[in-house]
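Take a look at the protein below. This report starts with its overall build and then turns to one of its pockets.

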Amino acid sequence: MHWDRLFEDLEGQLASDWEAERAVLDAESERLRIAKLDLRGRLRTLCSAGTDATIDLVNGRRLPVTLQALGADWLAVASRDVGGSRHTTGAAASALILPLHAVAGITTDHGMILASLDDSATEVHPLRERMTLGFVLRDLARRRVPVHISVHVGDDAHGTIDRAAADHLDLALHDPGQARLAGAVHGFRIIPFSTLVAVRTPGDQLR
């Protein structure tokens with residue numbers, strides 16, 4: 001019986017040591033995994049879950065939105081009501097394209113922050129995630145979709161994109177609710193992609 005108790009004690013100690021070593025290895029493995037996790041991976045998870053969030057933009061605006069889709073260098077979101085009143089930056093039914101370079105921060109609940117650390121089960125959309133901002137803007141130009149554009153510095157602009165080149169777009173300026181007709185256009189503006197903060201479209205254009 002003396003030897004039995006001794007071996008039981010040794011087995012228990014060995015099992016405890018193995019468990020502690022496994023915990024250390026698991027913790028280190030998790031640290032290494034998170035160290036390799038990029039922002040796109042977390043945004044992909046948040047978009048897949050249709051996460052409600054508040055996005056801080058580089059021009060100081062804050063947008064309450066629902067995350068919807070991730071592209072190569074842009075994020076598609078839907079603006080939403082907060083406390084029953086519409087946010088001053090856009091109507092609740094509008095869809096927005098946000099260049100990733102314009103996103104200064106994302107606020108959401110702690111559960112979604114933790115969930116976004118695990119993107120292993122998130123569906124990947126390879127074609128969509130290869131679509132660049134220029135590709136999307138050229139499609140809006142082709143379909144003559146009216147847009148409301150916010151930039152880093154200066155006033156917002158409303159109009160229709162005439163063309164989108166490699167790193168800039170041409171915007172025909174006209175009032176909201178008007179079609180892009182010669183008599184309605186009151187100016188033209190060249191806007192570099194690097195200055196774009198948000199491109200707002202009617203709500204059904206990005207679905």
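## Overall build

The protein has 4 helices and 10 strands. Keep in mind that this is a predicted model. Along the sequence, the elements run α-α-β-β-β-β-β-α-α-β-β-β-β-β.

The protein has 207 residues, and 37% of them count as buried. Buried here means under 20% relative accessible area. The accessible surface comes to about 12,000 Å². Carbon and sulfur atoms account for 56% of that surface.

What share of the contacts between residues at least 6 apart in sequence joins residues at least 24 apart? The share is 58%.

## The second largest pocket

Rolling a probe the size of a water molecule over the atoms shows where empty space is left. The second largest pocket has a volume of about 160 Å³.

Which residues line this pocket? The lining consists of Ser-94, Pro-146, Val-147, His-148, His-158, Pro-176, Gly-177, Gln-178, Arg-200, Thr-201 and Pro-202.

β6 spans 146-151 and β10 spans 196-201. Each supplies at least two residues of the lining. The largest share, 3 residues, comes from β6.

| Class | Lining of the second largest pocket |
|---|---|
| Nonpolar | 4 residues |
| Polar | 6 residues |

Definitions and conventions:
Residues numbered from 1 in each chain as written. Predicted model: local features only at pLDDT ≥ 70, side-chain atom pairs only at ≥ 80, totals over all residues. Heavy atoms only, no water. 1 Å grid on protein atoms, 1.4 Å probe; cavity = no way out; pocket = protein on both sides within 12 Å on 5 of 7 lines; lining within 4 Å. Points joined across faces, edges and corners; volume = space filled by probe spheres on them. Nonpolar A, V, L, I, M, F, W, Y, C, P; charged D, E, K, R; others polar. Buried < 20%, exposed > 50% of the residue type's maximum accessible area, 1.4 Å probe, protein only. Contact = heavy atoms within 4.5 Å. Areas by Shrake-Rupley, 256 points an atom, 1.4 Å probe, with all protein chains shown as cover.
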